[in-house]
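Here is a short briefing for a first look at this protein. Keep the sequence and the 3D view open while you read.

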Amino acid sequence: MSLLFTPYTLGSPRGPLELANRIVVAPMCQYSASNGEATDWHLMHWGNLLNSGAALFIIEATGVTPQARITPACLGLWDDRTEAALKDKLTRARKLAPATPVFIQLAHAGRKASSATPWEGGQLLPIDQGGWETLAPSAIPQLEGERLPHELSKEELKSIIDAFVMAAKRADRIGIDGIELHGAHGYLLHQFLSPIANQRTDEYGGSFENRIRFPLELFSAVRSAYQGVLGIRISASDWMEGGWTPEQTASFAKQLKPLGCDFVHISSGGISPKQKIALGPKYQVPFAKVVKEASGLPTITVGLITDPHQAEEILQDGDADLIALARAFLYKPRWAWEAAAALNATVHANERYWRCLPREAQSVFGSVKVGQR
């Protein structure tokens, strides 16, 4: 049987969570919230991807404060209003799809916050055009010539930890099955990890041990407050000389494990426009392999994995435990159905779709039957 379509279990203090297969829908920003609130776009988007055949769906980067959002249109979970909107849309979307675990990615954009949406250029918004003061480990801008971010004080670090903890509690109340902390793509936690962005001279900057201190403290605080599945997404490489490396990622993951980390999701890049990424099929898989072998943590790999046989090969080689796809699911929302057909496997589907399969893929939904007169 295809490994891609075998079950996988993630542990947590609350107990095991079984996934029906190894396919994950990675978090993808939609830039469609209204003052942080989920909208009908999210209802449609989530309902669509919960019907994808993937075993796990991760909600997009969700700001733990208004200041934490990448753009003014980003999703949030920081008060009763944003919690109610997210609960409403997610509850309704789940009713329209087979039972599927849902995680949420809690995030703080740091110095990459206060940006325009991608289709409006994606650049730093002026304060008088809806922007806000950004926060960072050091007063170093993302792009040369931009206004400087505010360097966070120790007291402000504590308030950010409190915001993550509160958002985790809200996610738990909503009935979300797991949390992924966003430590990748140049956002705040990654900014602390990387010597490119973190040039502090106190105990939160300088050495590797100091640069991982705040992310570890934040992770520990969320773990203490939240008993469901908890993991983190990490950019394994800055793709820059003198930057964060895969070896440091592996060491960081090893320190997360005794704190109660249940999985790592390995990506890369995002800390600087000067990065030189060697793009290609499976280009991040070697990073996932390094982290998985060093830490022993359940590992998700992602990045230009588009073919079912390619995904199967990664699992057969032992390079990762779960396969995440992002844009591939936007282009082909039923990618997992096609993968099941290619690998002679089955997926669960809403009964309203049972009669849609082409003749050559009749077994993808198992031994389901429909009738009419």
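Buried means under 20% relative accessible area, exposed means over 50%, and partly exposed lies in between (1.4 Å probe, protein chains only). The model is predicted: local features need pLDDT of at least 70, side-chain atom pairs count only at pLDDT 80 or more, and totals for chains, interfaces and linings use all residues. Residues are numbered from 1 along each chain as its sequence is written, and side-chain values use heavy atoms, with hydrogens and water left out. Helices (H or I, at least four residues) and strands (E, at least two) are DSSP runs, numbered from the N terminus.

- W239 is not a glycine, yet its phi is positive, about 55°.
- W239 sits in the loop between strand 9 (229–235) and helix 7 (246–256).
- W239 is buried, at a relative accessible area of 18%.
- N344 is not a glycine either, and its phi is also positive, about 55°.
- N344 belongs to the segment after helix 11 (335–342).
- With 74% relative accessibility, N344 is exposed.

**Nonpolar cores**

- A nonpolar core is a set of buried Ala, Val, Leu, Ile, Met, Phe, Trp, Tyr and Cys residues joined through side-chain atoms within 4.5 Å.
- The largest such core has 92 residues. Those with the most contacts inside it are L4, I59, L86, L106, L181, F214 and F252.
- Helix 3 (residues 154–174) supplies the largest share of this core, 10 residues.
- Contact means heavy atoms within 4.5 Å. Leaving aside neighbours within four places in sequence, the residues in contact with L106 include T62, V64, L77, F164, I179 and L181.

**Cysteines**

- A disulfide is a pair of cysteine sulfur atoms within 2.5 Å. The structure holds zero of them.
- C74 is in no disulfide, and the nearest cysteine sulfur, that of C29, is 5.1 Å away.
- C74 is buried, with 2% relative accessible area.
- C356 is partly exposed, with a relative accessible area of 41%.

**Helix 9 and what follows**

- Helix 9 spans 308–316. Its buried residues include P308, Q310, A311 and L315.
- The cover over the buried residues of helix 9 includes helix 8 (285–295), strand 11 (299–302), strand 12 and helix 11.
- At the start of helix 9, a side-chain oxygen of D307 comes to within 2.8 Å of the backbone nitrogen of H309.
- G318 follows helix 9 and has a positive phi, near 75°.
- G318 lies in the loop between helix 9 and strand 12 (322–325).
- G318 is partly exposed, at 29% relative accessibility.
- G318 and E293 are 25 residues apart in sequence and 9.2 Å apart in space, C-alpha to C-alpha.

**The largest pocket**

- On a 1 Å grid over the protein atoms alone, a pocket is an open set of points where a 1.4 Å probe fits, with protein on both sides within 12 Å along at least five of seven lines. Lining residues have an atom within 4 Å of a point.
- Grid points are joined across faces, edges and corners, and a volume is the space filled by probe spheres set on the points.
- The largest pocket has a volume of about 1400 Å³.
- Its lining has 50 residues, of which Y31, K112, H185, Y187 and R327 lie nearest the centre.
- Strand 4 (56–63), strand 12 and helix 10 (327–331) are the elements that give two or more residues to the lining.
- Helix 10 gives the most, with three residues.

Methods: Polar contact = N/O pair within 3.5 Å; in protein donor to acceptor, adjacent residues only side chain to side chain.
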